[in-house]
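This report looks at charged side chains and their partners, and then at a nonpolar part of the surface. Please keep the sequence and the model open while reading.

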Amino acid sequence: MSSHREAPEISKDPVADNTDVYAFVSPDKPDTVTIITNYVPAEGPAGGPNFYEFGNDVLYSIYIDNDGDGLPEITYEFRFKEKLLNPDTFLYNTGPITSLGDAHWNKRQVYSVSRVDGSHGAAKAQEAKASAKHRSSRHSHKHAHKHANKHKAKLLASGLACPPCNIGPRSTPNYPALAQAAVHTLPTGETVFAGQRNDPFFVDLGSIFDLADLRPFQNLHLIPTAAAPGVDTLQTLNVHAIAIQIPISKLTADHSVPKDVTSSKSVLGIWGAASRRKVRIADRANDERSEAGPWVQVSRLGNPLFNEVIVPLGKKDRWNATQPVHDKDFVSYVQHPELAKLLPALYPKAFPNLEGLKAPREDLVAIFLTGLPSGIVPNFQNNTGKVLADQLRLNVAIPPSSSPKALGVVGGDLAGYPNGRRVSDDITTIAIRAVAGITYPLVNKSYTPDAAASAVTQGITPGANRSQATFPYVANPHDGYDAPSATL
């Protein structure tokens, strides 16, 4: 769920698979925004001998749209490189790893960070080339191609160390120290981290994909069983995270730090993506490999659950390959989500008002594709205009909450989802309640949501170890030695 294995093709390519994107005003540094993009879903902590890592042949991108056009004005790009000290051992490490430069650590990764400003970012370059194919004149094509390539990325740093995977008490005896050493402050003011973390996303995957069963309400299901607490499927699994903390003034269109919640300058659109070269060649039984050609996007993610639950199976791969500016092609699935039809069928008599709701769900269009305009929720807006685009929309003028609520804006906490997304937000429950009709009165005050819409939940409260109070906010990963004894 969220975006773990959400589309047929990307489920076969985990190192390029976005699992979650988070974006929030940093609670301990409120003049900055933290963005986290996670990859490599469902990592078993005991991953040896080939422990998990980022793809050396993948371009990882974080995109920021600060003018509402559905395309990025700012791009942060991350490239990874393997460093193998001893190719003649099968071991990831030959002794305890006590520092990021420890000679016992045999197989490691380093990475570079680049920033691209303006209309020449990877997404806009790809979009300009794609648009040119549909133009009839040779001049148009040449103009678009030139526009897409007129600038190069600015390299901010290279050779930055990732921490090792958390192997166990003998191999990584002080993992918190290794992880902290892998937090890098760049000369340009950003702070970055890339490496293995505890997967912060909490969800009962097993029940939800068993015909939309919700354990606390399964006694009301078409195929009923006794109600039970939710089960956190990802509780003992890890993920690979790219986290970056950026001064707000480096992200806004006018380089300000907005204080006016109602100003359009306060809202940023944010999403993550992964791309591969257009051509990949393997030779000599896959021992020799090369890549060539332009970067082609193979995965993207803005709002959690969008591709997972909203987009139909036959169009998921296409959605992953397109830019948010084209999401008008998917608006009908937002206006008439399949889950809104399934809930009344699978929970007979629990959702009679939802069953009778046939009008397009413009509340969901606002949540997912445009942001909420002023006047809908008091003292809040995160609207980016008329362009329909799936992005996390963050109003940076809204300060962090001193007492975060897991249900975010639905729960009265304006600093939470869908105002960006924090690692502790219960987006599964929020999304189910929204689809069930709890947010429809925002656009039609005459509609009364079913009582079940306000009560439905996945029934999970994440443990304290799923996040941490400081950057990178996602907690240290489970270690492989202790994982077999972990219980749900």
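A salt bridge is taken here as a side-chain nitrogen of Lys or Arg within 4 Å of a carboxyl oxygen of Asp or Glu. In this predicted model, that rule gives a count of 15 salt bridges. Side chains of opposite charge can pair when their charged atoms come close.

| Salt bridge | N to O distance |
|---|---|
| D329 and R318 | 3.0 Å |
| R361 and D363 | 2.8 Å |
| R422 and D413 | 2.8 Å |

In the pair formed by D329 and R318, the closest N and O atoms are 3.0 Å apart.

In the pair of R422 and D413, both residues are buried. Salt bridges that share partners also join D13, D57 and R276 into one network.

Where is R466 found, and what does its side chain meet? R466 is located in the segment after α12 (451-455), and with a relative accessibility of 3% it counts as buried. The side chain of R466 makes a polar contact of 2.4 Å with the side chain of D232, and a polar atom of the R466 side chain lies 2.6 Å from the backbone oxygen of F201. When residues up to four places away in sequence are not counted, R466 touches N198, D199, P200, F201, F202, D232, L234, Q235 and A475.

The remaining feature is a nonpolar one. L211, L222 and I223 form a nonpolar patch on the surface, and together they have about 310 Å² of accessible area. Of these residues, L211 lies in the loop between α4 (205-208) and β9 (238-247), where L211 is partly exposed with a relative accessible area of 49%.

Conventions
Residues are numbered from 1 along each chain as its sequence is written. This is a predicted model: local features need pLDDT of at least 70, side-chain atom pairs count only at pLDDT 80 or more; totals for chains, interfaces and linings use all residues. Side-chain values use heavy atoms; hydrogens and water are left out. Buried means under 20% relative accessible area, exposed over 50%, partly exposed in between (1.4 Å probe, protein chains only). Patches are made of residues with over 30% relative accessible area and no salt bridge: like charges are joined within 9 Å, nonpolar side chains (Val, Leu, Ile, Met, Phe, Trp, Tyr) within 5 Å. Accessible areas come from the Shrake-Rupley method with a 1.4 Å probe; for residues, only the protein chains shown count as cover. Helices (H or I, at least four residues) and strands (E, at least two) are DSSP runs, numbered from the N terminus. A polar contact is a pair of N or O atoms within 3.5 Å; within protein, one must be able to donate a hydrogen and the other to accept it, and residues adjacent in sequence count only if both atoms are side-chain atoms. Contact means heavy atoms within 4.5 Å.
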